[in-house]
Amino acid sequence: LETDPTLDLTVCDREPIHIPGAIQPHGLLLVAAAGGEHQVLAGAGAIEARLAADWQGRRLSDLLGQDVAPLLDHLPGGLDTVGQLPVEGIGERFVATLHRTGTHLLVELEPVADEPTSVATTLGWLDAVAGSFERAADLQTLYDRAASAFRRLTGFDRVMIYRFLDDDAGQVVAEDRDPALETFRNHRFPASDIPRQARALYVRNRTRVIPTIDYDPAPLRPAGFAQLDLSDIAVRHVSPVHLQYLRNMGVEASASISIVKDGLLWGLVACHHNGPRRLPPDVRSTGATLASGLARQIRAKEEAAAYRERLALRVAEDSVVPRLNSEEPLRAAIVAVKDELCAMLHADGFAMIAGDQVERFGRCPDDDVLVGIARWVRERGGEPIATHELGALLPIARGHEQTASGLLAVPLHEEDAILLWLRAETIETIEWAGNPHKSVAVEPGAMLTPRASFAVYTETVSGRSQRWTLEQIEAGHRLRRRFHEARQHLQVRILNREY
Ligand code: BLA
């Protein structure tokens, strides 16, 4: 049976996971009227056995043992959630979180340990970890430290820093795990493993916890409330597809903490445990705080690296450009600085094409291919072009991947000349966690199921070079302008002298 990938993805993306009509049974949910006495209208979970035998129709404040009105009146601006109210149950202690929606007050109750970690201890730990993040010399060290810190915080068997890539697939960039487990480090997972609406929810709610995959969902009662939007509810029932996914992976409990950078979901701290395991609300808050610190440090380190790269490019430009201001013809002037030009953009080959004249250095394809590339650049309007997979864009480049997979082309304003920086193919080996082409099996009438195997599936990607960085592309544009200025000054000097 053929599987249709577009069908698969939209099916996953369309599952309405925010209205599952049920919760995970380790918690309780109360649904109260938004106004008036906040009368309790509906609920889910073992409310009778764990909180109060008769609860329907009662005032929320009575059930919780405290007046909720002042809490709701004093919600900080823009916030519609109050968390961490202690509530005494029949035989256990809960912590309550109140969410105000347009129509209702939703109150979720989660059981908590008797002795939560003190605020001072937590703050001291957070401070120390934030300092170690700040001192990390590079991004990889930062990711490694983050994996260890989150493992220390959560106590899960395996903690991964999972980063989304351009196409929404993702990769495990760091891992701290029980040494008895096999590693997922560097493994790649297809985009369909975490569908679009789930990613959107994880920006809105920064933590998602599944203390065990073996549970009977507790339905909302009365049944008329089954369509209630549970987007913000931590104990929201989990998509059956995802529960099967975790079962296939051999995971019993999972927790994810979102890493949101500049408003976008950059990645997740993905935690697995081989037995049941909870992440109580106070630990989730600590985790969310740490994850925002991590996101800020990722940004700071990316910015510092870009700044260093820009600086190095400027230094290289400043040594090349004055030498073009010589009275030699353009061709000779560029030949004189070819090595610097090639090296500064980390190219494997460099060529200049002016008319049908070709100058070539380092690893380049044959002259006729270079001329063909130059013609194509002119036809495309003569603006600089950068690609790391030229063969996919230009048929005549196919078969020349070993020398010309990457191209940065900069047409000069002078003499119809074009500068080409070329990069060789770098065969990339991707280790997928399971065959991504089999991520979903759909058969007519069958339930949607995630893939069954997570054994390493190696894929090689050819025809691509290292990507050009934004800074390198900018440098190409700048070189074009500075070449032009240098040659114009030269013209002016020569004219003045002749005059
Ligand atoms: C949710 N999928 C998730 C989540 C993760 C993953 C982390 C968040 C919930 C959680 O913390 O468990 C996937 N888990 C991973 C990945 C790694 C990991 C990639 O540890 C790598 C290290 N899943 C499928 C298919 C579908 C699907 C085919 O494989 C769709 C049909 C759905 N995944 C799916 C859904 C959710 C999900 C619906 C949301 C679950 C929820 O929040 O209710």
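What follows is a set of questions and answers about this predicted model.

User: How is the protein divided into domains, and how far apart do domain 1 and domain 3 lie?

Analyst: There are three parts: domain 1 (5-19 + 119-304), domain 2 (22-110) and domain 3 (326-427 + 462-498). Between the C-alpha centres of domain 1 and domain 3 there are 44 Å. A pair of residues gives another distance to look at: threonine 141 and methionine 352 are 211 residues apart in sequence, and their C-alpha atoms are 41 Å apart in space.

User: What makes threonine 141 buried, exposed or partly exposed?

Analyst: Threonine 141 sits in helix α6. Its relative accessible area is 25%. Buried would need under 20% and exposed over 50%, so threonine 141 is partly exposed.

User: Which residues touch the most other members of the largest nonpolar core?

Analyst: That core has 31 residues, and the ones touching the most other members are Phe133, Phe150, Ile161, Ile259, Val269 and Leu294. At least two residues each come from α5 (119-135), α6 (139-154), β7 (158-164), β8 (170-177), β12 (253-261), β13 (264-273) and α9 (281-320). The largest share, 7 residues, is supplied by α6. Another core, of 28 residues, lies apart from this one and includes Ala333, Leu341, Leu412 and Trp468.

User: What does valine 269 contact, leaving aside its neighbours within four places in sequence?

Analyst: Valine 269 is in contact with Phe150, Val159, Met160, Ile161, Ala255, Ser256, Ile257 and Ile259.

User: Why is histidine 38 called buried?

Analyst: Histidine 38 is placed in the loop between β2 (28-33) and β3 (40-44). Its relative accessibility is 10%, and the cut-off for buried is under 20%, so histidine 38 counts as buried. Not counting residues up to four places away in sequence, histidine 38 touches Ala32, Ala33, Arg58, Arg59, Leu60, Val68, Leu72 and Leu105.

User: Which residues of α12 are buried, and what do they pack against?

Analyst: The buried ones are Val369, Leu370, Gly372, Ile373, Ala374, Trp376 and Val377. They pack against β14 (349-354), β15 (357-362), β16 (385-387), α13 (390-393), β17 and β18.

User: What makes β15 and β16 edge strands?

Analyst: The open sheet has 5 strands in the order β15-β14-β18-β17-β16, with antiparallel pairing. β15 and β16 each pair on one side only, so they are the edge strands. From one strand to the next, the twist averages 10°. Within the sheet, 6 bridges join the antiparallel strands β14 and β18; pairing takes at least two bridges, so this pair qualifies. Alanine 354 stands opposite alanine 417 in β18.

User: Which helices pack on or lie across strands of this sheet, and at what angles?

Analyst: α12 touches β14, β15, β16, β17 and β18, and its direction makes about 115° with that of β18. Helix α15 (residues 470-498) lies across β16, β17 and β18 and runs at about 25° to β17.

User: Is the peptide bond from arginine 221 to proline 222 cis or trans?

Analyst: That bond is cis, with omega near -10°. Most peptide bonds are trans. Proline 222 lies in the loop between β11 (218-219) and α8 (240-249).

Definitions and conventions:
Residues are numbered from 1 along each chain as its sequence is written. This is a predicted model: local features need pLDDT of at least 70, side-chain atom pairs count only at pLDDT 80 or more; totals for chains, interfaces and linings use all residues. Side-chain values use heavy atoms; hydrogens and water are left out. A nonpolar core is a set of buried Ala, Val, Leu, Ile, Met, Phe, Trp, Tyr and Cys residues joined through side-chain atoms within 4.5 Å. Buried means under 20% relative accessible area, exposed over 50%, partly exposed in between (1.4 Å probe, protein chains only). Helices (H or I, at least four residues) and strands (E, at least two) are DSSP runs, numbered from the N terminus. Contact means heavy atoms within 4.5 Å. Domain bounds come from an automatic or database domain assignment. Axes are lines fitted to C-alpha atoms, for helices over the stretch in contact, and angles run from 0 to 180 degrees between N-to-C directions.
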